[in-house]
Amino acid sequence: MNSRVFFGNKRNLFIFAMLCTILWGIGFPMIKLGYQYLHINSEDVYSKLLFAGVRFFAAGVLTIGVTSAADRKIPVIKGRMCRDIFLLALVQTVGQYAFQYIGLANVKGMIGSILNQINVFLLVFISPLFFREEKLSLSKTIGSIIGMIGIVIINFNGSFEFSFHLTGEGFIILASLFAAAGIILCKKLTAHYRPIVVAGYQQMFGGLLLLLAGIAGGGKLYITDIYGAFVLVFLCGSAALTNLLWTVLLKYNPVYEVSVYKFGVPVFGTIASAMILNENMASFQVLSALLCVAAGIYIVNGAGKKVKI
């Protein structure tokens, strides 16, 4: 069975996309846990950039290492391919995760996981501009509006006064916009290049830039116990696996058909934050936001369609 048939199969799409969303959801509280175990305070921007850089550079090296072992040679990129992948790295790794790592330190894990999904709804409107197979419909529009209502709900405090901080909620939203641009660019690049090579080198390039920025600013990581080491290893491994799987899925499936599965990120992020960080997930505000997000995704994905699992 070839890759197009295997990864284009709806059952396999469901399995691999859901695995990605589970790991991404867990990643939100794990990053915040990493700040604690690696002794990074909320104002230390450069240590956060170093943290992100180490994670993604290691994930890229791991991905390219696996590819090299399988091919028995290191994949070489040059010329236009090198330029294209470097551009993707600037958008998808540097742009997205620089804002995400800084913003996540200033919001609750579950709020961050929900705000970060703005890109899912944005893709409904912009993907038809880039790909003919993507069509804008009334159900997608209504679903996106309902989902965005969930984003607004989660951004109010308990007294329903608007709460917004540029370096918190604002940076998470910016990270989500970079993620949307990265998905579009990634889909275009994998039409010409091997997904595993794109995934590995873009993380390696992006991670290296973040790492160098962190070092230049005096960022430091202190691994003083096994817990800090475990968090770092988990985040590196999950970044390598999710980026590779997501890149492959984007190559063989329509953009929004893949991205819509990211509804699982705020759900699993909320559950993981409650379990790992002891955040309250029973509040009316959080549950209302999650219901809106889930309903929006359900409507956009086609309320009358059933996918056999």
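What pattern does the protein chain follow when it is read along the sequence? It runs α-α-α-α-α-α-α-α-α-α-α-α-α, and the secondary structure accordingly comes to 13 helices and 0 strands. Before I go further, please keep in mind that what we are looking at is a predicted model.

Let me begin with confidence. The protein chain averages a pLDDT of 82, and 88% of the residues score at least 70. Among the elements, helix H9, residues 195-216, has the highest mean pLDDT, at 93, while helix H5, residues 109-115, has the lowest, at 66.

Turning to the chain as a whole, it has 309 residues, of which 53% count as buried. If we take the contacts with a separation of 6 or more, residues 24 or more positions apart account for 87% of them.

Now to the helix pairs, and I would like to start with helix H4, residues 79-104, against H9, whose axes come within 8 Å and cross at roughly 60 degrees. That angle makes H4 oblique to H9, and the crossing is right-handed. On the H4 side the contact includes Met81, Cys82, Ile85 and Phe86, and on the H9 side it includes Val197, Val198, Tyr201 and Gln203. By class, the residues of this contact divide into 15 nonpolar, 6 polar and no charged.

The second pair is helix H3, residues 45-71, with helix H10, residues 226-252, which pack at an angle of about 50 degrees with their axes 8 Å apart. Why do we call H3 and H10 oblique to each other? Angles under 35 degrees would count as roughly parallel and those from 65 to 115 as roughly perpendicular, and an angle of about 50 degrees is therefore described as oblique. The crossing of H3 and H10 is right-handed. Residues of H3 that take part include Phe51, Arg55, Leu62 and Thr63, and they belong to a contact in which H10 contributes, among others, Leu232, Leu235, Cys236 and Ala240. Sorted by class, the contact of H3 with H10 has 11 nonpolar, 2 polar and 1 charged residues.

Is threonine 63 buried or exposed? At 6% relative accessibility it counts as buried, because the cut-off for that class is under 20%. Leaving aside its neighbours within four places in sequence, threonine 63 is in contact with Ile196, Gly200, Gln203 and Ala240.

Let me move on to the loops on either side of H3. Histidine 39 lies in the loop between H2 and H3, and arginine 72 in the loop between H3 and H4. Histidine 39 has a positive phi of about 60 degrees although it is not a glycine, and for arginine 72 the value is likewise positive, at about 60 degrees. As for accessibility, histidine 39 counts as partly exposed, at 46%, whereas arginine 72, at 78%, counts as exposed.

Further along, serine 137 sits in the loop between helix H6, residues 118-130, and helix H7, residues 138-154. With a relative accessible area of 28%, serine 137 is partly exposed. Its C-alpha atom is separated by 8.9 Å from that of valine 124, which is 13 residues away along the chain.

I will finish with glycine 264, which has its place in helix H12, residues 264-276. At 1% relative accessibility, glycine 264 counts as buried. Not counting residues up to four places away in sequence, glycine 264 touches Thr21 and Gly269. The C-alpha atoms of glycine 264 and cysteine 20 are separated by 8.9 Å, although the two residues are 244 apart along the chain.

Terms used: Residues are numbered from 1 along each chain as its sequence is written. This is a predicted model: local features need pLDDT of at least 70, side-chain atom pairs count only at pLDDT 80 or more; totals for chains, interfaces and linings use all residues. Side-chain values use heavy atoms; hydrogens and water are left out. pLDDT is the predictor's confidence in each residue, from 0 to 100. Helices (H or I, at least four residues) and strands (E, at least two) are DSSP runs, numbered from the N terminus. Axes are lines fitted to C-alpha atoms, for helices over the stretch in contact, and angles run from 0 to 180 degrees between N-to-C directions. Angles under 35 degrees count as roughly parallel, over 145 as roughly antiparallel, 65 to 115 as roughly perpendicular and the rest as oblique. A crossing is left-handed if the near helix is turned anticlockwise from the far one by less than a right angle, and right-handed if clockwise. Contact means heavy atoms within 4.5 Å. Ala, Val, Leu, Ile, Met, Phe, Trp, Tyr, Cys and Pro count as nonpolar, Asp, Glu, Lys and Arg as charged, and the others, Gly among them, as polar. Buried means under 20% relative accessible area, exposed over 50%, partly exposed in between (1.4 Å probe, protein chains only).
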